[in-house]
Amino acid sequence: MSVPTPDTFARYDERLAAPGPDEAELAADLVEVLQSIQQITLEDEGHGLRAVHAKSHGLLQATLHIDDGLAPELAQGLFAQPGRYDTVLRMSTTPGDLLSDRVSTPRGVAMRICGVEGARLEGSEDMAVQEFILVNGPTFNAPNGKAFLRNLKLLARTTDRMDRTKRVISAILRGTERGLEAIGGESTKLKAMGGEPPNHILGETFFSQLPIRHGDYIAKYQLVPVSTSLRALTDVRLDLKDDDAIRDAVVAFFGANTAEWELRAQLSTSLEDMPVEDASAEWDEVRSPFRTVARLVAGPQAAWTQALSREIDDGVGFSPWHGLATHRPLGEIMRLRKPAYEASHRFRAQQNGQPLQRGCPFAGAGARG
């Protein structure tokens, strides 16, 4: 493979940020569906929850290390200069209701990188942070906003279904998904409805799925386990006999172990072959492999407590729109996320009587040179 050079990659253009003609209406419909989920779970739990990814499994303090010597096309935005940043990680699963882990759904990681200075995205002018939202699959489950809204409406109908029924359905769907994978296939819809393989969350690789500005370029991001302790958990199946089996596994690991991941960027080489607007498109890793831009390290710690949950689950609202202008989220789905996340944050803050923190939840957190 030839060594990539900066002129190999597609350049960011301000026209890529322009909204489509139907986005305002789609955004309003999306907010309505998400708030219907939040209203149902408020009535069930007596507490304002996220519309998606309501249940956390790990709430971690980590350090992001950006090393010197990155290639020019990688040394962009946050990654332009070497440094260390305190980082908050929230590990979760996708439903908006608090389900038993025996209902197995896709996993996610939200990152808040602290003490990040620079020109801000609109709506985050008062926040010295950079956030990334990642999921354990390389592609988004819909190509555009209309398809995403249809899928979300289907998922919204499952909110508040009987937990026992969901467990039975999840077990059936996991069996179906295993059959598909045995013949080289998979189904994102089966996984979203409860057919996600019950793999250890700490062995998973996570993806931004959707494109983000990377300074002068356009990228998707990937968070990959690289320490021996994490790689040993890749494809390890958890026994989901307990309601909080995923959380218990995370807590047990961080009782004694250190974890290290690499944050990697995949740069678009062509807007035709690696598009911004088709959210379901998987970019060719042969033409443009994921390349390391930072390391993320989390040492032994209490990985989930009730106090941490009050601090982060209730007190922090993550969004890909909390960050630098040089890391602008791109594409219709990303643009629709902005008002959806903002509405979700307002709902939680109002219902719980707890303003969401605009900085870092841990005292003294930030950049460390």
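The legends below describe close-up views of a predicted model of one protein chain.

Residues are numbered from 1 along each chain as its sequence is written. In this predicted model, local features need pLDDT of at least 70 and side-chain atom pairs count only at pLDDT 80 or more, whereas totals for chains, interfaces and linings use all residues, and side-chain values use heavy atoms, with hydrogens and water left out.

**View 1. The chain as a whole, with its helices, strands and buried residues.**
The protein chain has 8 helices and 9 strands, these being DSSP runs numbered from the N terminus (helices: H or I, at least four residues; strands: E, at least two). Of its 369 residues, 56% count as buried, where buried means under 20% relative accessible area, exposed over 50% and partly exposed in between (1.4 Å probe, protein chains only). The accessible surface comes to about 15500 Å², of which 51% belongs to carbon and sulfur atoms; areas come from the Shrake-Rupley method with a 1.4 Å probe, and for residues only the protein chains shown count as cover. Among contacts (heavy atoms within 4.5 Å) with a separation of 6 or more, 78% are between residues 24 or more positions apart.

Arg112, in strand 3 (residues 107-114), and Glu131, in strand 4 (residues 129-135), are 19 residues apart, and their side chains meet in a salt bridge with an N to O distance of 2.4 Å. A salt bridge is a side-chain nitrogen of Lys or Arg within 4 Å of a carboxyl oxygen of Asp or Glu. Both Arg112 and Glu131 are buried, and a search of the whole structure finds 19 salt bridges.

**View 2. A salt bridge between two loops.**
Glu122 forms a salt bridge with Arg328, the closest N and O atoms being 2.9 Å apart. Because Glu122 lies in the loop between strand 3 and strand 4, and Arg328 in the loop between helix 7 (306-313) and helix 8 (332-352), the pair ties together parts that are 206 residues apart in sequence. Glu122 is partly exposed, at 36% relative accessible area, whereas Arg328, at 15%, counts as buried.

**View 4**
The side chains of Lys338 and Glu342 meet in a salt bridge of 2.8 Å, N to O; the two residues are 4 apart in helix 8 and so are separated by about one helical turn. Glu342 is partly exposed, with a relative accessible area of 31%, while Lys338, at 18%, counts as buried. Salt bridges that share partners also join Glu23, Glu277 and Arg335 into one network.

Leu308, Ser309, Ile312 and Asp313 are the buried residues of helix 7, and they lie on the same side of helix 7 because they cover an arc of only 100° around its axis, the arc being that of the directions from the helix axis to the C-beta atoms. Gln306 and Arg310 are exposed on the other side. The cover over the buried residues includes strand 1 (55-66), strand 2 (83-93) and helix 8.

The chain averages a pLDDT of 89, and 88% of the residues score at least 70, pLDDT being the predictor's confidence in each residue, from 0 to 100. Over residues 164-187 the pLDDT is below 50, and this stretch has 45 contacts in the model beyond near neighbours in sequence. Residues 189-194 also stay under 50, with 26 contacts beyond four places in sequence. Where pLDDT is low, the predicted coordinates should not be read in detail.
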